[in-house]
Amino acid sequence: METRLPAGTFGPAASSRLLLFGATGDLSQRMLLTSLFGLDEDGLLDPDLRIVATAIEPLSSEEFRRLAEGALLKYLDTARATAPALKRFLARLSYVRVDASDPAHFSPLADAVGPIGGGLSIFLSTAPSLFGPTIAGLSQTGLAGETARLALEKPLGSDLASSRLINDAVAAVFPENRVFRLDHYLGKETVQNLLALRFGNALFEPLWNAQGIEHVQISVAETVGLEGRGAYFDGMGSLRDMVQNHMLQLLALVAMEPPSSLNPQSVRDEKVKVLTSLRPVGQRDSIAGQYTAGAIGGALVGGYIDELGGPSDAETFVAIKAHVDNWRWKGVPFYLRTGKRLPIRRSEIVIQFRPVHHSIFGAPGGSLQPNKLVIGLQPEENIRLLLMTKQPGLYRMGLRLREVPLDLGMADAFSDVRRRIAYERLLLDLIEGDPTLFVRRDEIEAQWRWIDDIRAGWASRGSGPRPYSAGTWGPSAAIALAERDGVSWHE
């Protein structure tokens with residue numbers, strides 16, 4: 001899925017304008033501008049595409065170009081940030097100051113954007129509190145016409161009710177087929193590879209069900225703490241910050257039925273079926289934790305409350321045992337785990353297949369392990385299939401077995417392809433009008449409904465998150481959550 005069109009070829013729905021709100025923010029400088037530069041560098045943007053940036057800071061277009069150039073030089077490899085490439089990309093940029101709370105600011109913005117008959121893509125990288133007034137300003141100045149599409153960065157609410165308020169405000173101006181809700185995990189190459197792995201290989205699909213798979217693990221582990229996001233994170237916690245979006249989208253891609261085709265409607269229909277089939281989580285099947293002081297990589301770090309500067313019941317760790325109640329997955333547990341201040345940074349999906357029905361390898365053959373498919377998302381993107389094979393050597397009796405990986409490292413297998421930022425895929429799809437990797441409203445609402453039920457269960461228990469030392473794998477109860485089923489977390 002490197003590109004859907006050859007470089008230099010542009011689809012009929014491609015926008016001729018990109019309007020970027022929040023253009024001076026951290027996300028824009030680290031991810032959006034570098035991603036757009038990468039697309040321009042590879043000839044994937046129409047030469048006539050103009051990028052109009054906006055934020056509340058009083059900058060001229062030239063001042064913003066200097067700001068953008070500084071960000072590109074900071075975050076790109078020096079070999080890529082050549083003077084000609086920078087000059088070509090920066091020439092696409094212009095800037096208009098907009099205070100979204102003041103409707104009068106949108107008329108100069110509309111003048112700067114110009115006619116949108118050639119298509120307008122709008123990316124809101126702003127606080128959700130500004131979505132309403134921004135959308136109203138776009139509508140009043142003609143920037144929300146039939147050729148305009150709107151991309152929304154998370155968070156889209158903090159529960160089902162607030163999510164619906166945001167989506168209702170969006171729907172009042174933009175119909176669903178022109179709304180692109182973004183989850184950056186869906187832009188990762190290995191996440192997209194789930195579709196290729198499952199539906200492009202006859203090897204896996206016959207086993208991809210309760211008869212072939214014993215359980216699934218999805219882990220998103222972080223070593224960092226708050227990193228300046230205390231006010232936001234403390235109001236959300238790990239359940240809403242990570243599980244509600246990234247992890248449930250990964251679960252849906254793992255568990256979905258084969259779509260009739262790769263068109264957006266078919267793919268997203270199958271994801272919704274999974275999300276609406278999630279069984280409510282019992283009280284014993286979800287664990288919340290909060291890190292205390294400990295050590296990461298040999299360095300002492302403080303606890304969550306120390307970093308925050310005050311008491312809090314926000315969870316920094318979540319472990320959940322989930323079930324998808326349908327024919328394909330009857331009885332198969334999905335173990336979800338995410339947390340801050342864990343021993344290593346790693347995101348991965350582990351598919352553990354069922355053991356062989358009868359082992360012919362007696363002692364001293366060694367322990368016969370079930371096959372595992374391990375899909376690494378970050379920091380490295382790779383796919384490993386763990387198999388049993390004969391250990392080399394001569395033995396007096398029988399064979400000795402050892403678990404070995406068949407390893408597909410994406411960087412090694414595709415060394416001639418530059419590793420892309422996830423936002424590159426998503427920005428290109430937004431500009432070209434392909435919503436396959438974006439999240440539909442019914443997906444968002446199904447996710448929130450399930451998350452709200454878990455939070456209600458925690459509230460009814462009246463107990464706060466369990467403590468765990470920084471640098472460990474969460475509270476001991478999270479280990480017990482899996483081990484009472486005879487399962488060990490993959491580490």
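In this predicted model, P155 is found in the loop that runs between strand 5 (148-152) and helix 6 (160-171), and the peptide bond that joins K154 to P155 is cis, with an omega of about 5 degrees. A cis peptide bond also joins Q378 and P379, where omega is about 5 degrees, and P379 lies in the loop between strand 14 (372-378) and strand 15 (382-390).

Most peptide bonds are trans, and most residues other than glycine have a negative phi. Against that background, the phi angles of two further residues deserve attention.

E227, which is not a glycine, has a positive phi near 50 degrees. This residue, E227, sits in the loop between strand 7 (213-221) and helix 8 (230-255). Is E227 buried or exposed? Its relative accessible area is 61%, and because exposed means over 50%, E227 counts as exposed.

R341, likewise a residue other than glycine, has a positive phi near 55 degrees, and R341 belongs to the loop between strand 12 (333-339) and strand 13 (346-353). The relative accessibility of R341 is 14%, and since buried means under 20%, R341 counts as buried.

| Residue | Phi | Relative accessibility |
|---|---|---|
| E227 | E227: near 50 degrees | E227: 61%, exposed |
| R341 | R341: near 55 degrees | R341: 14%, buried |

Conventions:
Residues numbered from 1 in each chain as written. Predicted model: local features only at pLDDT ≥ 70, side-chain atom pairs only at ≥ 80, totals over all residues. Heavy atoms only, no water. Helix = DSSP H or I, 4+ residues; strand = E, 2+ residues; numbered from the N terminus. Buried < 20%, exposed > 50% of the residue type's maximum accessible area, 1.4 Å probe, protein only.
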